[in-house]
Amino acid sequence: MVTAKVDLRSDTVTKPTEAMRAAMATAEVDDDVLGADPTAVRLESEVAKIMGKEAGLFVPSGTMSNLISVLVHCDTRGSEVILGDNSHIHIYENGGISTIGGVHPRPVKNNDNGTMDINLIEAAIRDPRGELVYPTTRLICLENSHANTGGRCLSVEYTNRVGELAKKHGLMLHIDGARIFNASVALGVPVHRLVQAADSVSVCLSKGLGAPVGSVIVGSKSFITKARRLRKTLGGGMRQVGFICAAAFVALKENVGKLEGDHKNAKVLAEGLNQIKGLRVDVAAVETNIIYFDIEEGPELTAEKIYKNLEEHGVLVMPEGPYRMRIVLHHQISSSDVQYTLSCFQQALTGVLEANGN
């Protein structure tokens, strides 16, 4: 099999740059569980500052950062969180808020743009007078950008309205900001404005920004103090973690500026795919670095067959169903990679159809 030339499975597949490796090799470290690792402290402080929050905490993954955040806000078993039915927390995080935290999810329909209707969110809030039989609503979760709707961006205005609703009912607001910098760049809005209404934010550094590992949770000092204890409980204390944080710091400084190029490449790729007979892409919905597209050329042309054909030519993508696929752009995909991918897709569709006698 050909060694992969173009890996479009996710923006989590990037390799550390030379600058990251150099920073890791020379990082100043100490025991982070004891709060003494200077590189970790510097990264946490920088991310908190960028996000406009008081404090930050480095954790191994976005799943852990969301889990910790939900459990800090919902510190009584039987609490309930309102979140999108198509959100990452609800679908892709092993149901951890329930299995580990005893928190009940209250899903609300995600629209095609990643939002939830404000009136549906409010209708999902439990009436406190029914506390004898209902879970207690304590938290609302948003996701920005919203991965499963194709990297769609939630506006400042929308997020602020949800924040106002949360305050009206005495609730907290958490934002899963796995790709919050992508949303910031796409909207042309400073990232701290996008999360101003939130009580906590999970900021992933290993997706669009290309760090090898890690996320930072940000919030108030008291929130982060509780989060630090939960991180230890969940096994997320990693001692001399500064060498990982050093790579993340490089990603934060060098790769935010590359996101606009990723978005442009995604748009070019989406437009090109949409011109290939048998594929359908909602090009207008491609706002950041994620593309979903459907296969329409008969039942014999499946995502699995296209995937295998592309793999033989060194292009890796993600099947999302029998006739649906996902592509994610990142800073290690060039414009020439995009053109190569388009040519491979054209060849793949032609090859699969000819193999089936069409």
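Biologist: Is arginine 179 buried or exposed?
Modeller: Arginine 179 counts as buried, because its relative accessibility is 7%. Buried means under 20% relative accessible area, exposed over 50%, and partly exposed in between (1.4 Å probe, protein chains only). This is a predicted model: local features need pLDDT of at least 70, side-chain atom pairs count only at pLDDT 80 or more, and totals for chains, interfaces and linings use all residues. Residues are numbered from 1 along each chain as its sequence is written, and side-chain values use heavy atoms, without hydrogens and water.

Biologist: Where is arginine 179 found?
Modeller: In the loop between strand 6 and helix 8. Helices (H or I, at least four residues) and strands (E, at least two) are DSSP runs, numbered from the N terminus.

Biologist: And what does arginine 179 touch?
Modeller: Leaving out residues up to four places away in sequence, arginine 179 touches Ser10, Asp11, Asn144, Ser145, Ala147, Lys207, Asn289 and Ile290. Contact means heavy atoms within 4.5 Å.

Biologist: Which residues in helix 8 are buried?
Modeller: Helix 8 covers residues 180-187, and Ile180, Phe181, Asn182, Ala183 and Ser184 are buried there.

Biologist: What do the buried residues of helix 8 pack against?
Modeller: Their partners are helix 2 (38-51), strand 6 (172-177), helix 9 (191-194), strand 7 (200-204), helix 11 (242-254) and helix 12 (259-274).

Biologist: What comes just after helix 8?
Modeller: Glycine 188, which takes a positive phi of about 70°.

Biologist: Helix 11 came up. Where does alanine 246 lie?
Modeller: Alanine 246 lies in helix 11. With a relative accessible area of 6%, alanine 246 is buried.

Biologist: Which residues does alanine 246 touch?
Modeller: Not counting residues up to four places away in sequence, they are Ala23, Met24, Ala27 and Thr39. The C-alpha atoms of alanine 246 and alanine 19 are separated by 9.8 Å, and these two residues are 227 residues apart along the chain.

Biologist: New topic. How many aromatic pairs does a search of the whole structure find?
Modeller: One. The rings of phenylalanine 293 and phenylalanine 345 have centres 5.5 Å apart and planes at 75°, so the pair is edge-to-face. Rings of Phe, Tyr and Trp (its six-membered ring) pair if their centres lie within 6.5 Å; planes under 30 degrees apart are stacked, over 60 edge-to-face, the rest tilted.

Biologist: Which parts does the pair tie together?
Modeller: Phenylalanine 293 is in strand 10 (residues 290-295) and phenylalanine 345 in helix 14 (residues 335-355), so the pair ties together parts that are 52 residues apart in sequence.

Biologist: Is phenylalanine 293 buried or exposed?
Modeller: Buried, at 0% relative accessibility. Phenylalanine 345 is buried, with a relative accessible area of 0%.
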